[in-house]
Amino acid sequence: MPLLPVVLIVAALALGAGLIGLGSATGPVVSTTSVTVLPREPRGRAIPASFLGLSLEYPALIAYAGTDPNAINPAFVSLIRQLDPSGRPVLRIGGDSADWTWWPVRGATRPRGVGYALSPRWLAVASALVRAVHAKLILGLNLEAGSPALAAAEAAALSGGLPAGSVSAFQLGNEPELYGLFAWYRTAGGRAVPGRPHDYGFAAYLRDATTLTAALPGLALSGPSTGGLGWRADLGRYLAAEPQVKLVTVHRYPLQLCYVSHKASRYPTVPNLLAARSSTGLADTFRGEVALAHARGLRLRVDELNTVSCGADREVSQSFASALWALDTLFELARVGVDGVNVHTFPGAGYELFAFAHGHGGWRETIAPEFYGLRMFADAAPPGSRLVPVAGVPRDGSLKVWATAAADGSVRVALIDKSRSTARIVAVRIDRATGSATLERLTAPSVNATRGVALRRSVVTPSGGAYRVT
């Protein structure tokens with residue numbers, strides 16, 4: 001039988017995970033689960049190049065990359081590269097700050113809701129980062145200000161100041177369904193002033209977007225950059241009205257801190273984050289949009305994704321559970337045909353993926369558990385690989401098993417142990433595979449742990465025709 005190179009990626013809670021998966025169990029081993037991987041039966045679309053990238057706020061770029069374009073933070077560059085083996089990552093820069101940012105225009109008054117100004121230095125740092133990692137950019141433009149002239153000036157400055165060909169698309173604003181609900185600015189007396197009336201709806205947004213698009217002739221756009229399920233139902237209408245849109249972009253967070261009862265399934269808790277509705281269920285909500293985009297010859301990218309929206313809940317978002325969720329959810333999104341994902345981060349966010357400090361001649365980084373889940377996905381699903389079926393996986397959701405077959409014939413198996421109280425042995429059988437396998441194990445002391453996360457590599461030899469991992 002031909003030898004198939006095998007990589008096992010294990011994520012597990014406590015000291016019981018390996019390169020086959022992520023896990024959380026700390027108790028005694030109580031059972032053995034046998035699964036069979038069928039690499040000769042690939043399913044679905046190949047994992048696209050540049051599938052996994054980052055989403056940043058405009059000020060975050062300087063905070064992470066540094067202020068010196070001649071000395072970009074090497075730790076940040078390394079982390080970006082770790083998430084994209086293809087070598088051409090997609091970075092989305094925008095988020096809420098897209099509507100709080102402008103390019104200063106001589107003679108124009110700064111809009112009331114704008115608190116951040118782009119500058120030649122910002123462009124120089126961004127350009128240096130683009131060159132360092134060979135990035136393609138999705139850039140947000142200010143829609144909430146309602147000024148086509150200012151949006152056009154911003155687009156011109158970004159297009160002209162960044163490396164040629166690096167901007168793949170511009171976005172008009174960010175999550176416009178929230179314009180009538182949250183403050184765009186506050187008066188001197190502290191009164192909150194939203195960017196649009198409370199009853200601002202999709203039809204009004206489409207009129208605003210069309211007006212701005214007319215000031216951006218020939219530019220490739222992405223959108224609608226919404227996380228509202230109700231607004232996403234109007235995707236077909238949006239695409240019909242916006243022919244300059246070349247990339248469909250939508251957002252999703254499984255949990256929400258504001259306006260949610262503590263008893264709700266969307267309230268931030270570790271059990272809610274690890275529940276199937278936060279990974280499988282989240283991905284399934286995109287099926288219709290993926291089909292609609294692909295039918296029009298467009299790609300669909302979830303360009304803003306993370307654990308908890310509308311507030312910081314570090315107890316959940318900085319726990320080892322976030323690593324388990326991230327690895328599983330990325331596979332689920334690939335399963336339904338999503339073409340790419342950008343995971344959101346910025347300094348001070350409850351779900352921040354990493355933080356940096358500069359001093360004494362160098363940079364120091366702190367890595368959150370969730371980043372390791374993203375890193376494991378990059379290892380487990382290289383560009384061009386395809387998902388392959390796995391038989392024998394328990395239906396209770398405590399163990400998730402994903403497998404990919406790459407174009408070079410190598411097979412990768414990711415085991416994610418979501419059990420919170422018991423450990424297990426998993427016997428992995430892979431059709432046609434012989435010889436030792438690389439084992440990558442991600443572990444932590446508990447599912448709630450924010451420290452003590454360890455990533456180790458070793459070699460495992462098959463016994464009785466199966467690779468056994470505790």
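The following dialogue explains how to read several features of this predicted model.

User: How many salt bridges does a search of the whole structure find?

Analyst: The search gives 16 salt bridges for the whole structure. One of them joins the side chains of Glu-289 and Arg-232, with 2.6 Å from N to O. This pair ties together distant parts of the chain, since Glu-289 belongs to helix 10 (residues 287–295) and Arg-232 to helix 6 (residues 229–232), 57 residues apart.

User: Are Glu-289 and Arg-232 buried or exposed?

Analyst: Both Glu-289 and Arg-232 are buried.

User: Which parts of the chain does the salt bridge of Arg-457 and Glu-440 link?

Analyst: In this salt bridge the closest N and O atoms are 3.1 Å apart. The link is between distant parts of the chain: Arg-457 is in strand 26 (residues 454–460) and Glu-440 is in strand 25 (residues 437–444), 17 residues apart. Arg-457 counts as partly exposed at 49% relative accessibility; Glu-440, at 2%, counts as buried.

User: Are Cys-258 and Cys-310 buried or partly exposed?

Analyst: Cys-258 is buried at a relative accessible area of 16%. Cys-310, with 32%, is partly exposed.

User: How is the packing of two helices described, and what angle do helix 3 and helix 4 make?

Analyst: Two packed helices are described by the angle between their axes and the distance between the axes. Helix 3 (residues 120–133) and helix 4 (residues 148–161) pack at about 45 degrees, their axes 10 Å apart. The two helices are therefore oblique to each other, and their crossing is right-handed. Trp-122, Leu-123 and Ser-127 of helix 3 make the contact with Ala-157, Leu-158 and Gly-161 of helix 4.

User: How does helix 1 pack against helix 3?

Analyst: Helix 1 (residues 58–65) and helix 3 pack at an angle of about 65 degrees, with their axes 10 Å apart. Helix 1 is thus roughly perpendicular to helix 3. The crossing of helix 1 and helix 3 is left-handed. Tyr-58, Leu-61, Ile-62 and Ala-65 in helix 1 meet Trp-122, Val-125, Ala-126 and Leu-129 in helix 3.

User: What does Ser-166 touch?

Analyst: Leaving aside residues up to four places away in sequence, Ser-166 touches Val-130, Ala-135, Lys-136 and Leu-137. Ser-166 lies in the loop between helix 4 and strand 9 (167–172) and is buried, with a relative accessible area of 2%.

User: Which backbone geometry deserves a remark?

Analyst: Most residues other than glycine have a negative phi, and most peptide bonds are trans. In this model a cis peptide bond joins Gly-223 and Pro-224, with omega about 10 degrees; Pro-224 is placed in strand 12 (residues 221–226). Glu-175 has a positive phi, near 45 degrees, and lies in the loop between strand 9 and strand 10 (183–186). Tyr-259 also has a positive phi, near 60 degrees, and is found in the loop between strand 14 and helix 8.

User: Are Glu-175 and Tyr-259 buried or exposed?

Analyst: Glu-175 counts as buried at 11% relative accessibility, while Tyr-259 is exposed, with a relative accessible area of 71%.

Note on methods
Residues are numbered from 1 along each chain as its sequence is written. This is a predicted model: local features need pLDDT of at least 70, side-chain atom pairs count only at pLDDT 80 or more; totals for chains, interfaces and linings use all residues. Side-chain values use heavy atoms; hydrogens and water are left out. A salt bridge is a side-chain nitrogen of Lys or Arg within 4 Å of a carboxyl oxygen of Asp or Glu. Helices (H or I, at least four residues) and strands (E, at least two) are DSSP runs, numbered from the N terminus. Buried means under 20% relative accessible area, exposed over 50%, partly exposed in between (1.4 Å probe, protein chains only). Axes are lines fitted to C-alpha atoms, for helices over the stretch in contact, and angles run from 0 to 180 degrees between N-to-C directions. Angles under 35 degrees count as roughly parallel, over 145 as roughly antiparallel, 65 to 115 as roughly perpendicular and the rest as oblique. A crossing is left-handed if the near helix is turned anticlockwise from the far one by less than a right angle, and right-handed if clockwise. Contact means heavy atoms within 4.5 Å.
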